[in-house]
Amino acid sequence: MRLLAFLLVLFPWAMASSSVELARQAAEVWLAGKLSPRLEEVLRASPEEAPRLLERYALFPPPPKGLSLNLDSPRVEGNRVLFPAAVGEQVGEVVVVLEGREVKRVYFRPEGLALPGYLLNPASGWGFLLLSLFFGFLLLQPSPFRAWLLEAFSLLRAYRGLYLFTNLLLYGLFALGAFLAYGMPEMARALQALFGGALEAIGLEEAVGKGILVLAGVIFQWNFTQGLFLTGLLPALFFGVPALLLNALRYFVFGFALSPALLGQAFLAHLPTLLLELQAYILVTFGGLVLLAKTAGGEGYRKGFRELLLAFYLGALFLLLAAWYEAWEVSFLL
């Protein structure tokens with residue numbers, strides 16, 4: 001009986017120790033440049049070889065020049081082993097992702113790239129739920145929030161032709177990308193791996209294990225700051241054209257990487273997420289084009305800017321709905 005108890009204690013420690021050693025070896029080989037194809041190789045590869053090299057480049061991006069790595073102080077988080085690292089004065093960590101005895105991914109994550117720790121706290125999840133419910137309550141009552149929502153819908157009606165054009169163009173590019181993925185599934189998978197690597201680098205997968213409330217808050221924070229604000233509102237300030245061009249490329253690439261050719265039946269479960277999130281970016285693009293129309297029509301930049309903010313506000317509401325659905329989808333359907 002004592003022997004059994006000893007083995008129960010020893011076995012997990014031995015497995016963890018074995019994982020750390022495997023991760024240490026992988027980090028050494030990666031740092032030596034033996035796991036990562038060079039970008040020049042990917043760009044010069046033949047059409048048959050390019051998807052495999054691109055996927056490997058996504059899973060094992062080359063180590064930054066001058067990277068110093070501390071292999072003596074590993075930290076284990078589930079199936080990840082993290083080693084302190086730095087490039088000059090920029091500190092961070094090298095993350096080795098394991099699946100059993102197989103190394104799935106190795107990459108350097110700077111300190112500022114990871115999600116803020118407070119977002120992964122259960123209290124943040126409950127706070128996001130309360131804020132969502134309070135916001136919903138304000139929309140149902142006479143309030144400035146409800147008035148802005150009604151104004152935003154009035155804007156869509158006033159410029160229904162421009163709104164319809166933006167929807168047809170961007171959703172159409174998404175559909176085109178999804179259709180082309182059927183003919184190039186290997187390249188689509190490689191692009192999907194590239195997106196997956198970027199999301200893992202910020203720690204989104206860590207949020208999945210924190211529950212639906214935390215996950216919804218993290219999804220909203222990322223889509224709002226990185227998608228709607230930085231790559232939506234800011235480019236739209238320049239009369240909408242940069243936002244339109246950026247989202248045209250974004251929607252085509254999204255369609256290619258998230259095609260039913262790759263997702264199969266899971267595409268139907270993910271479709272509401274796609275429609276809601278993509279509609280949010282369509283709205284801010286539409287707002288930028290209204291800004292252009294107002295300014296060109298002599299009504300002034302300030303009037304157009306207000307209309308852009310209304311479209312941005314409505315887009316944020318779509319992202320809120322998308323975050324809750326996607327968190328539920330990931331937690332219970334996928």
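This is a predicted model: local features need pLDDT of at least 70, side-chain atom pairs count only at pLDDT 80 or more; totals for chains, interfaces and linings use all residues.
**Exercise 1. Classify the ring pair Phe145 and Trp148, then the pair Tyr301 and Phe305.**

Solution. 
- Step 1: what to compare. A pair of aromatic rings is described by the distance of the centres and the angle of the planes.
- Step 2: the count. The pairing rule gives twelve aromatic pairs. One of them is Phe145 with Trp148, at 5.4 Å centre to centre and 70 degrees between the planes. Edge-to-face requires over 60 degrees, so this pair is edge-to-face.
- Step 3: setting. Both residues sit in helix α5 (residues 144-158). They are three residues apart, about one turn of the helix.
- Step 4: accessibility. Phe145 is partly exposed at 29%. Trp148 is partly exposed at 36%.
- Step 5: the other pair. For Tyr301 and Phe305 the centres are 6.5 Å apart and the planes make 10 degrees. Stacked means under 30 degrees, so Tyr301 and Phe305 are stacked.
- Step 6: setting again. Tyr301 and Phe305 lie four residues apart in helix α13 (residues 301-333), about one helical turn. Tyr301 is partly exposed at 34%. Phe305 is partly exposed at 32%.

**Exercise 2. Describe how helices α6 and α12 cross, and name the residues that make the contact.**

Solution. 
- Step 1: axes. Helix α6 covers residues 160-181 and helix α12 covers residues 266-296. Their axes come within 9 Å and cross at roughly 135 degrees.
- Step 2: class. Roughly antiparallel would need over 145 degrees, and roughly perpendicular runs from 65 to 115. The two helices are therefore oblique to each other.
- Step 3: hand. The crossing of α6 and α12 is right-handed.
- Step 4: contact residues. From α6 come Leu162, Tyr163, Thr166, Asn167, Leu170, Tyr171 and Phe174. From α12 come Leu274, Leu275, Leu278, Gln279, Ile282, Leu283, Thr285, Phe286, Leu289 and Val290.

**Exercise 3. Inspect two local features: Arg250 with Tyr281, and the phi angle of Phe239.**

Solution. 
- Step 1: charge and ring. Arg250 lies over the face of Tyr281, 4.6 Å from the ring centre.
- Step 2: backbone. Phe239 has phi near 60 degrees. That is a positive value in a residue other than glycine.
- Step 3: location. Phe239 is in the loop between α9 (212-236) and α10 (241-257).
- Step 4: accessibility. At 33%, Phe239 counts as partly exposed.

**Exercise 4. Summarise the chain: its elements, span, burial and contacts.**

Solution. 
- Step 1: elements. The chain holds 13 helices and five strands.
- Step 2: span. The C-alpha trace extends about 80 × 50 × 45 Å along its principal axes.
- Step 3: burial. The chain has 334 residues, of which 43% count as buried.
- Step 4: contacts. Take contacts between residues at least 6 apart in sequence: 70% of them join residues at least 24 apart.

Definitions and conventions. Residues are numbered from 1 along each chain as its sequence is written. Side-chain values use heavy atoms; hydrogens and water are left out. Rings of Phe, Tyr and Trp (its six-membered ring) pair if their centres lie within 6.5 Å; planes under 30 degrees apart count as stacked, over 60 as edge-to-face and the rest as tilted. Buried means under 20% relative accessible area, exposed over 50%, partly exposed in between (1.4 Å probe, protein chains only). A charge sits over a ring if NZ of Lys or CZ of Arg is within 6 Å of the ring centre and within 35 degrees of the ring normal. Axes are lines fitted to C-alpha atoms, for helices over the stretch in contact, and angles run from 0 to 180 degrees between N-to-C directions. Angles under 35 degrees count as roughly parallel, over 145 as roughly antiparallel, 65 to 115 as roughly perpendicular and the rest as oblique. A crossing is left-handed if the near helix is turned anticlockwise from the far one by less than a right angle, and right-handed if clockwise. Contact means heavy atoms within 4.5 Å.
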